[in-house]
Amino acid sequence: MLGALGVVYGDIGTSPLYAVREALLVAASDGSVERADVLGVLSLIFWALTLVVTVKYVRFVLRADNKGEGGTLSLMALARRHLPAHSTAILALGVIGAALFTGDSMITPAISVLAAVEGLKTVTPAFEPYVVPITLLILFVLFAVQRFGTGAVGGVFGPITGVWFIAIGISGLSHIIANPDVLWAVNPYYAVHYLAANPALSLGTIGAIFLAVTGAEALYVDLGHFGRGPIVLAWLSIVFPCLLLNYVGQGAFVLTRSDLPENVFFDMQPGWALLPMVALATAATIIASQAVISGAYSLVRQAVQLNLLPRFSILHTSETQEGQVYLGRVNWMLGIGVMLLVLGFQRSGNLASAYGISVTGEMVVTDLLLFVVMRHIWNWSWAAALLASILFLIVDLVFLGSNIIKVVEGGWVTLAIALVMCLIIWTWVRATGYLFEKTRKSEVPLDFLADQMLKKPPQIVPGTAIFLTSDPTCAPTALMHSLKHYKVLHERNVILSIVTKQRPIIPESERVQMEPITDLFTRVTLSFGYMEQPNIPKAMALCRKQGLKFDIMSTSFFVSRRSLIPTPTSGLPLWQDRLFIALARTAADAAEYFQIPTDRVVEIGTQVRI
């Protein structure tokens, strides 16, 4: 449970730093703080946490696991597998959800760390000029240490976050004891009364109180790391009670004031506890940021395996945990984006305007995909699945609508990040499909070539040649060029294709499929799950059990390297051609990605006009 507490709840656990403050800024727009307004805001936060997190995510969404894995792409893969007739529409939803998560992964570290460091201004105004530089320094160090792996640090995440939740719970409880009248906020009457009495402020307030539930999607993303049990237990026993105590305690503190404090969370702390709370908040926000960064790695890795993005170099930072990975290019793209956001917005309050659209959009995507799971996997009736989905959608669409009004104030940043990500994925998927169809027209069927080699074999040399290809029905380009230039053929030739299944992990019993073609050729298909890192030499060792005899030291792996040239007459717009070529150039080397010994690889280059 401690592991789940540290990683899963880091994001939602730091929301007390800014959620109440932003909501009361809207409610107390005239500068005065009314009891009804405070109780209304607190009631909205309480019911948002109850309905969105406890009911929707803890009760329902966490049950929609794909062989134990969670997250938008896992849910997409699960839905596509059980509803293939609408595969394209489901893929589009998954891409949108993944793109929105990219925006969230940039904004969360920026707003969280910035909000924590702003606590220094409460200690003394002399720190104000240093808030942004200190935030940038913390973020730079955070992204710089990613390549060393989070395994060693992960052991302390749970205890630190546990101390954080207990501290904020006690902090809130002390103010509740002094002003127990604030407990009336659990009555939904105050939420309804506030919205009815302040229609002009309703959308703005709802958008602000949504900041309290922005970490809900993390529960689902990290499902594969900890399982449903520890996540649910941590929420019900520690996170939910402590969050409520702190939120209600902030309200009790505000009710004792005639004006709205500039920073409610830190102003409510006693003087002796202020610096320790700033330090603890900073540690908690770093953990929250770490969780989102790790989630971004996992998302990109899944996208690569599902052929939605080009291959990225992946560094495994743990010998025992498969999920501990580091993607250098992704890391620094995120890091630069996060630091630019801090420089551009300067204050966590300004960033709050950009926060929310990505998460609410991702929640709507989850609602739509969850309907497929309810209907086609859980076998709910149409009426039950539709009713549950409509109820979830109403809540999430209200939150989305309340955040859409923030587009001009900064929400456009999130939409721009998501749009760029969607454009990249769409270009890669479209162009790779187009390139596959174009090259296939000029390729020779593998069965025909194998028959010809039996009738009129070239010079046969000892050893095994493994040719990587994405189309096992046609002769690989590397094989054709080898025959053309070298005029020789190995005594054993393996036509190898890698397939990514719509499942997170493939058991070894299903890893290898072998099909003898002739005495010279064998077709082999290796299957991996979208959460696995392909290791061809290790997987090929399983072929020995099925009768394929080869020695890795006398085996050559032939890989085609395509040089893409844009043409104005291609089937794609020229700008998309150029974007695809740029993406293809960033792809990791096939030998490195598939973990093939570099001294056993032969690369054969070809030019392809697209």
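**Exercise 1. The second largest cavity**

Determine which helix supplies the largest share of the lining of the second largest cavity, and describe that lining by class.

Solution. The model is predicted: local features need pLDDT of at least 70, side-chain atom pairs count only at pLDDT 80 or more, and totals for chains, interfaces and linings use all residues. Residues are numbered from 1 along each chain as its sequence is written, and side-chain values use heavy atoms, with hydrogens and water left out.

Step 1. On a 1 Å grid over the protein atoms alone, a cavity is a set of points where a 1.4 Å probe fits but cannot get out, and lining residues have an atom within 4 Å of a point. The second largest cavity holds about 120 Å³ of space, a volume being the space filled by probe spheres set on the points, which are joined across faces, edges and corners.

Step 2. Its lining comprises 15 residues, with D11, F101, D104, A218 and V292 closest to the centre.

Step 3. At least two lining residues come from each of α6 (87-117), α12 (216-221), α16 and α19 (357-376); helices (H or I, at least four residues) and strands (E, at least two) are DSSP runs, numbered from the N terminus. The largest share, 4 residues, belongs to α16.

Step 4. By class, the lining has 7 nonpolar, 3 polar and 5 charged residues. Here Ala, Val, Leu, Ile, Met, Phe, Trp, Tyr, Cys and Pro count as nonpolar, Asp, Glu, Lys and Arg as charged, and the others, Gly among them, as polar.

**Exercise 2. The packing of α4 and α14**

State how helices α4 and α14 are oriented to each other.

Solution. Step 1. The axes of α4 (residues 35-60) and α14 (residues 228-255) are 10 Å apart, at an angle of about 175°. Axes are lines fitted to C-alpha atoms, for helices over the stretch in contact, and angles run from 0 to 180 degrees between N-to-C directions.

Step 2. The two helices are therefore roughly antiparallel, the term for angles over 145 degrees.

Step 3. Residues in contact (heavy atoms within 4.5 Å) include L42, F46 and L49 of α4 and W235, F240 and Y247 of α14. The contact has 16 nonpolar, 3 polar and 3 charged residues.

**Exercise 3. The largest cavity**

Identify the helix that gives the most to the lining of the largest cavity.

Solution. Step 1. The largest cavity has a volume of about 150 Å³, and 17 residues line it, including G70 and Q302.

Step 2. Two or more lining residues come from each of α5 (72-82) and α16 (271-305). The helix that gives the most is α16, with 5 residues.

Terms used
1 Å grid on protein atoms, 1.4 Å probe; cavity = no way out; pocket = protein on both sides within 12 Å on 5 of 7 lines; lining within 4 Å. Parallel < 35°, antiparallel > 145°, perpendicular 65-115°, else oblique.
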